[in-house]
Amino acid sequence: MNSQPNVVPGQCWLGSPIDARPLFAAEQAALMATVRGLEPADWRKEAVPGWTVRDLVAHLLGDFYGRLGRDRDGHRDGPAFAPGETLEEFIHRINQEWVDAHRRVSAAALTDTVDLVGEQVARFFETTDPDKASLGVSWAGVDPAPMWLDSAREFTEFWTHRQQIRHAAGQETDPNPRFLSVVLDTFMRALPHTLRNSPAPSGTQIQVHVGGPAGGTWTVTVIEGRWSLTAPATGRPAARLSLDAETAWRLCTRGISSAAAFAKTRVDGDRQLAEAACQVVSIVY
């Protein structure tokens with residue numbers, strides 16, 4: 001999948017829109033197959049630092065309710081920022097509060113509720129207007145973000161959490177390129193924001209190539225002093241990074257450190273620019 005110009009005025013540097021809407025129902029079905037296939041002992045295994053599988057499933061339920069309440073139902077009550085709290089601190093705090101509150105809920109009850117509410121979330125995303133202004137995407141440096149990016153970001157979160165559950169249960173990453181190609185394309189929209197503090201002459205290009213059936217090539221170019229995903233590749237880039245899909249998605253979600261990912265990446269050209277691109281993070285971190 002290759003980045004092409006985005007025609008939305010004012011946000012063309014984000015690259016061409018991604019339509020993740022048709023994938024939510026299939027991702028929800030895959031999630032439920034994973035969750036219903038867990039053994040009782042799997043629910044107590046650590047899925048991410050500090051959270052068990054059951055905690056992570058409860059977190060997904062919180063994401064589902066939050067999206068429906070805010071965007072479908074217009075519900076505006078809920079936790080507020082504490083004095084001096086950053087966005088990242090606020091998100092981590094309310095996520096932990098939700099998980100703590102649901103530790104009294106059984107795995108069976110969580111499973112049935114995630115099934116019920118997740119189907120509603122999938123139906124909601126299928127009806128969204130991709131060009132409508134929506135929640136900001138901090139790791140892409142845009143607020144408000146177009147709904148196409150907000151929904152694609154949400155899709156990547158659901159997919160990533162499913163992989164974390166699979167890994168905790170001893171399963172490999174789901175290799176289905178139908179899902180992973182969209183995840184990687186969304187994650188790479190963080191590149192312009194990642195490189196914002198890496199000045200370079202106008203026209204300088206960096207290419208990131210991810211191999212395999214879910215991969216592609218993304219080119220970021222300096223245009224009028226800003227890194228952008230709009231320009232096509234022209235000539236030899238100043239730096240080119242080549243990595244496999246597993247390393248790429250783990251890098252973007254901090255499942256692997258940037259240093260470890262860089263060590264597994266083939267680099268041609270300017271290593272300083274390549275190292276800057278390898279700082280990419282596509283989650284709230």
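**Notebook: strands, cysteines, a glycine and a pocket**

I started at the hairpin of β5 and β6, which has five residues between the strands, and found that Gly212 takes a positive phi near 95° there. My labels follow DSSP runs: helices are H or I with at least four residues, strands are E with at least two, and both are numbered from the N terminus. I note that this is a predicted model, where local features need pLDDT of at least 70 and side-chain atom pairs count only at pLDDT 80 or more, while totals for chains, interfaces and linings use all residues. Residues are numbered from 1 along each chain as its sequence is written, and side-chain values use heavy atoms, with hydrogens and water left out.

**Entry: the neighbours of β5**

I looked up which strands pair with β5, where pairing needs at least two bridges found by DSSP. Strand β6 (residues 216-223) runs antiparallel to β5, and six bridges join them. Within β6, Val220 is the bridge partner of Ile206.

Is β5 mostly covered or mostly open? Five of the six residues in β5 (205-210) are buried, meaning under 20% relative accessible area with a 1.4 Å probe and protein chains only; over 50% is exposed, and in between is partly exposed.

**Entry: cysteines**

I searched the whole structure for disulfides and got zero. A disulfide counts here as a pair of cysteine sulfur atoms within 2.5 Å. For Cys252, the nearest cysteine sulfur is that of Cys278, 8.9 Å away. Cys252 is buried, at 0% relative accessible area, and Cys278 is buried too, at 3%.

**Entry: Gly141**

Where does Gly141 sit? I found Gly141 in the loop between β3 (133-134) and β4 (145-146). Its relative accessibility is 35%, so Gly141 counts as partly exposed. Leaving out residues up to four places away in sequence, Gly141 touches Trp13 and His193, with contact meaning heavy atoms within 4.5 Å.

**Entry: the second largest pocket**

I turned to the second largest pocket, with a volume of about 160 Å³. A pocket is an open set of points on a 1 Å grid over the protein atoms alone, with protein on both sides within 12 Å along at least five of seven lines, and lining residues have an atom within 4 Å of a point. The volume is the space filled by probe spheres set on the points, which are joined across faces, edges and corners.

I counted 14 lining residues, with Pro192, Arg196, Gly225, Arg226 and Trp227 nearest the centre. Both α7 (191-194) and β7 (226-228) supply at least two residues of this lining.

Conventions: 1 Å grid on protein atoms, 1.4 Å probe; cavity = no way out; pocket = protein on both sides within 12 Å on 5 of 7 lines; lining within 4 Å.
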